[in-house]
Amino acid sequence: GDGDGGGGGSTSMTVSEVLEKINTNELNLDLNKNRNVAAIASSTVSVTASATSSVPILYFSGTSNAQMMSTYNIIAREIYEETGGAANAACAKVVEPAMNKPFRQVIEEIAGDHTDAIQGQTV
């Protein structure tokens, strides 16, 4: 069911805790186990996570909006092409109100919002 999902690690931590562990290289994000990927480049942290809805999510911290969108455009296109158009990646930036929420909850909210946006483009 819901909860930790058996993977442990990032699923029970807050966004703030996940980012701190990524920045200090204490979080082992195993793609095959947790379906999460961390990419760290200088002050840029982008986390791609797959929520229950299988929406790839690029979650950014420490980047300008321009850097975020440039990176998103490249990676999202790769995801789309590699999945034969089956996956459209979501993009989000860490914001203060999310810092103390459980990471899993934030990822699920982003995935839900993204799914609603791409499915309901006509209101």
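This is a predicted model: local features need pLDDT of at least 70, side-chain atom pairs count only at pLDDT 80 or more; totals for chains, interfaces and linings use all residues.
Let's start with helix α3, which covers residues 65–82. At 1.5 Å a residue, its 18 residues should span 26 Å, and the end C-alpha atoms lie 25 Å apart, so the two values agree. Met-68, Tyr-72, Ala-76 and Ile-79 are the buried residues of α3, and they pack against β3 (56–61) and β4 (90–93). After the helix comes Gly-84, with a positive phi near 60°.

Now to the nonpolar cores. The largest has 18 residues, and those touching the most other members are Val-15, Ile-57, Tyr-59, Val-94, Phe-103, Val-106 and Ile-110. At least two residues of this core come from each of α1 (15–23), β3, β4 and α4 (103–119). Helix α4 contributes the most, with five residues. There is also a second, separate core of eight residues, with Leu-58, Ala-76, Ala-87 and Ala-89 among them. Ala-76 is also one of the buried residues of α3.

Finally, the charged pairs: the structure holds two salt bridges.

| Salt bridge | Closest N to O distance |
|---|---|
| Arg-104 and Glu-108 | 3.3 Å |

Arg-104 and Glu-108 both belong to helix α4 and sit four residues apart, about one turn of the helix.

Conventions
Residues are numbered from 1 along each chain as its sequence is written. Side-chain values use heavy atoms; hydrogens and water are left out. The expected span of a helix is 1.5 Å times one less than its number of residues. Buried means under 20% relative accessible area, exposed over 50%, partly exposed in between (1.4 Å probe, protein chains only). Contact means heavy atoms within 4.5 Å. A nonpolar core is a set of buried Ala, Val, Leu, Ile, Met, Phe, Trp, Tyr and Cys residues joined through side-chain atoms within 4.5 Å. A salt bridge is a side-chain nitrogen of Lys or Arg within 4 Å of a carboxyl oxygen of Asp or Glu.
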